[in-house]
Amino acid sequence: MIRSPRLTVCAAIVLACLAPAARAADKVSFIMSWIAEAEHGGFYQAVATGIYAKYGLEVTIRQGGPQLNTAQMLAAGAVDFRIDPNSVGALNFVRNDVPAVAVAAIFQKDPQVLIAHPDAGIESLADMKGKPIAISRGAVESWWRILAAKYGFSDSQLRPYTFQIGPFLLDKNLVQQGYATSEPFAIETEGHFTPKVFLLTDSAGYPSYGASIETSAAMVADKPDLVQRLVDASIEGWYSYLYGDPSPANALIKKDNPEMTDAQIAYSYAKMKEYGIIDSGDAKTLGIGAMTDAHWRALFDAATRVGLYPKDMDYKKAYTLQFVDKKHGIEAAK
């Protein structure tokens, strides 16, 4: 049988009309809490492996850093989403009447630690009373107040922290803040000794999430489908990064941050697993990104006891559980 060219063209037109129109990907800007590192691995994995694209998202990841106020950038609409290093940022939005909310918490444990020299006679956080402690300005008005009330610390102990380990290496009596996944590695590499590391969540019961995904209240109200897709894809990215091959994300991390080494990435990756930073607590049963009212309440109560927030503040405006706790992607961990 000879096929008619006219019939072939007509058939193609009919099929084109019947086929659904290709949906243009939604462009999304996403700023991290710091420069590119393994602590952002799941987000980079979702870009590198096409997970965001599968959800109809064209995600642009922007690096953060000490010179960028990412909270202001989100509030001003300069970015669509941001990663908050802890839960305090979302509570600050409420206190300052900024319409922004946390929609997922990738880290069940804030990786914040206090670090001491191994021969300084410090075996617990309580032993740090009276010792000089270097912390950042932002930490002074968050977890420091909670720890000071619990352990009797005084502001006279405070020393400025500039995100450099030099002062710590020179003074064995100095305690400094850091991330469980970062500063201890630098100290081991440059100082050639293993420091004492105290994860605030485990050592003091500090009930803050970490790596919270935040967006504007308008985004939640007007584009809930986009928010859900962003959250679901990010969760899948993190399961892939933790339980699959992390090399696609690591390659992108090193591309964005050429100073990042394979050794640092490997250390951070291992520590996230060792401490159960991501896949622990409620995430074990509800999935990565899990949040609960009880967890947020615990942080708010601890913060109000030391006067960080008024007791009548509606802390529930800081977050929404609309997009999490659905066990999305949890099979990947089995």
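Trainee: Hi! What follows H16 in this chain?
Mentor: Gly 307 comes after H16, and its phi is positive, near 80°. Keep in mind as we go that this is a predicted model.

Trainee: Got it. How many residues does H16 itself have, and how far does it reach?
Mentor: Helix H16 covers residues 293-305, which is 13 residues. From its first C-alpha to its last it reaches 18 Å, close to the 18 Å expected at 1.5 Å a residue.

Trainee: And which of its residues are buried?
Mentor: In H16 the buried ones are His 295, Trp 296, Leu 299, Phe 300, Ala 302, Ala 303 and Thr 304.

Trainee: What do those buried residues pack against?
Mentor: They pack against helix H5 (88-95), strand E4 (100-107) and helix H7 (143-151).

Trainee: Let me step back a bit. How many helices and strands are in the chain?
Mentor: The chain has 16 helices and 10 strands. Its C-alpha atoms fill a box of roughly 95 × 50 × 35 Å along the principal axes.

Trainee: What share of the residues is buried?
Mentor: Of the 334 residues in the chain, 51% are buried. Here is one more number for the whole chain: among contacts between residues at least 6 apart in sequence, 81% join residues at least 24 apart.

Trainee: Okay, on to sheets. In what order do the strands of the open sheet come?
Mentor: That open sheet has 5 strands in the order E7-E6-E8-E5-E9, and the pairing is mixed. Strand E7 (158-160) and strand E9 (196-199) are the edge strands, each pairing on one side only. From one strand to the next, the twist averages 35°.

Trainee: How do E6 and E7 pair, parallel or antiparallel?
Mentor: Strand E6 (residues 133-135) and E7 pair in the parallel sense, over 3 bridges. Ile 135 stands opposite Pro 160 in E7.

Trainee: Which helix packs on that sheet?
Mentor: Helix H9 (residues 183-191) does, touching strand E5 (112-116), strand E8 (175-179) and E9. The direction of H9 makes about 120° with that of E8.

Trainee: What about strand E3, which residues are on its two faces?
Mentor: Strand E3 (residues 81-84) has Phe 81 and Ile 83 on one side and Arg 82 and Asp 84 on the other. Both faces are covered, and those four residues are all buried.

Trainee: And which strands does E3 pair with?
Mentor: Strand E1 (residues 26-31) pairs with E3 in the parallel sense over 2 bridges, and Phe 30 has Phe 81 of E3 as its bridge partner. Strand E10 (residues 210-216) is joined to E3 by 4 bridges and runs antiparallel to E3. There, Arg 82 stands opposite Glu 214 in E10.

Trainee: You mentioned E1. Where is Asp 26, and what is it in contact with?
Mentor: Asp 26 is found in strand E1. Leaving aside neighbours within four places in sequence, Asp 26 is in contact with Gly 56, Leu 57, Glu 58, Leu 226 and Arg 229. Asp 26 is partly exposed, with a relative accessible area of 23%.

Trainee: Last topic: at what angle do H2 and H13 pack?
Mentor: Helix H2 (residues 41-48) and helix H13 (residues 247-256) pack at about 105°, with their axes 8 Å apart. That makes H2 roughly perpendicular to H13.

Trainee: Which residues make the contact?
Mentor: H2 contributes Gly 41, Tyr 44, Gln 45, Val 47 and Ala 48, while H13 contributes Pro 248, Ala 249, Leu 252, Ile 253 and Asp 256. By class, the contact has 7 nonpolar, 2 polar and 1 charged residues.

Note on methods. Residues numbered from 1 in each chain as written. Predicted model: local features only at pLDDT ≥ 70, side-chain atom pairs only at ≥ 80, totals over all residues. Heavy atoms only, no water. Axes fitted to C-alpha atoms, helices over the stretch in contact; angles between N-to-C directions. Parallel < 35°, antiparallel > 145°, perpendicular 65-115°, else oblique. Contact = heavy atoms within 4.5 Å. Nonpolar A, V, L, I, M, F, W, Y, C, P; charged D, E, K, R; others polar. Expected span 1.5 Å × (residues − 1). Buried < 20%, exposed > 50% of the residue type's maximum accessible area, 1.4 Å probe, protein only. Pairing = 2+ DSSP bridges.
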